[in-house]
Amino acid sequence: MARGPQQATGEDKKAQEILQSTGEIPRHIAIIMDGNGRWAKKRGMPRIAGHSEGVESVRDTVEACGQLGVQFLTLYAFSTENWKRPAEEVSLLMRLLLKALKDETDRLHRNNVRLQAIGDIAALPREVQDELSEDIGKTGSNTGLTLTLALSYSGRWDLTRAIKKLAADLQAGKISETAISDELVTEYLSTAGIPDPDLLIRTSGEFRISNFLLWQLAYSEIFITEKHWPAFRRDELYAAIRDYQKRERRFGMVSEQLQKDTAFGRFMKSVTGS
Ligand code: FPP
């Protein structure tokens, strides 16, 4: 039976159709899910209650992205630096992650979502590693949204690992120095095969990248919302996409070059051939 995301209904379907008609849906959205602790504290609850509600936000966001036709969603779920949190919180987070993976994988699979993970996976508890590899295997041939969980991940970890592998291949004569290019570096990163994010969303109002996809975010549009992650639902995702659709992505060029129908645009096309 062909799988696909369960379709939106009613008002939500309308909201999605409007978004699809007003502009481009970002191919890749990356999210820094921040503010779980603050959300819980505000309500007099333990931090883990914020993380737990955050799983609901993950579910809603994944579902809405699949329905909209977003092809890649990358979530910063646990950073290299998060290991420095109190041992009890780390342990509760790992248990929550394990439970979420166990509870959600069937739904992901039914919705044609392909699960992936990036980061120092070997540093995760054995049970989480085993569950992840089972779930990644189960959803591996799905063709809808690719959901990548960044776990025990940091941008510097990714770059350092890439540089080590590149240096080893250089030393072994598998590549030459002249072959080292932007594209080749990209292939050595843990995100090889995934296009760079078009849109980065950060919740909780902080203006930082926090060691996320340092290389990959070079030209991403950034949307920051005051909402804490547990309060983030699809309406805020739609607001981020609406904002993204108003941006002009110049990639270092000038505005006129992007407007192919202007005289300047046609001139540039004749010069560059594209
Ligand atoms: C940041 O909030 C959030 C995290 C460190 C963990 C995010 C994890 C989840 C949402 C649950 C599991 C995820 C998946 C993919 C199933 P914070 O604790 O830094 O909040 P604060 O800045 O208010 O303290």
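1. In this predicted model, a patch of negative charge on the surface brings together Asp182, Glu183, Glu187 and Asp196. Asp196 lies in the loop that runs between helix 7 (182–188) and strand 5 (199–202), and with a relative accessibility of 38% Asp196 counts as partly exposed.

2. The largest nonpolar core holds 39 residues, and those that touch the most other members are Ile29, Leu73, Leu147, Ile201 and Leu237. At least two residues of this core come from each of strand 1 (28–32), helix 3 (47–68), strand 2 (72–79), helix 4 (87–110), helix 5 (126–139), strand 4 (146–153), strand 5 and helix 8 (234–246). Helix 4 gives the largest share, 7 residues.

3. Across the whole structure, 23 salt bridges are found. One of them joins the side chains of Glu56 and Arg59 at 2.6 Å, N to O; these two residues are separated by about one helical turn, because they stand 3 residues apart in helix 3. Glu56 is partly exposed at 31% relative accessibility, and Arg59 is also partly exposed, with a relative accessible area of 24%.

4. A salt bridge also links the side chains of Lys174 and Asp169 (3.8 Å, N to O), where Lys174 is exposed with a relative accessible area of 63%, whereas Asp169 counts as buried at 18% relative accessibility.

5. The side chains of Arg38 and Asp34 form a salt bridge of 3.1 Å, N to O, in which Arg38 is partly exposed at 33% relative accessibility and Asp34 is buried at 17%. Through salt bridges with shared partners, Asp34 and Arg38 belong to one network with Arg202, Glu206 and Arg208.

Note on methods:
Residues numbered from 1 in each chain as written. Predicted model: local features only at pLDDT ≥ 70, side-chain atom pairs only at ≥ 80, totals over all residues. Heavy atoms only, no water. Patch = residues over 30% accessible without salt bridge, like charges linked within 9 Å, V, L, I, M, F, W, Y side chains within 5 Å. Areas by Shrake-Rupley, 256 points an atom, 1.4 Å probe, with all protein chains shown as cover. Salt bridge = Lys/Arg side-chain N within 4 Å of Asp/Glu carboxyl O. Lys, Arg positive; Asp, Glu negative; His and termini not counted. Charge placed at Lys NZ, Arg CZ, Asp CG, Glu CD. Helix = DSSP H or I, 4+ residues; strand = E, 2+ residues; numbered from the N terminus. Buried < 20%, exposed > 50% of the residue type's maximum accessible area, 1.4 Å probe, protein only. Core = buried A, V, L, I, M, F, W, Y, C linked by side-chain atoms within 4.5 Å.
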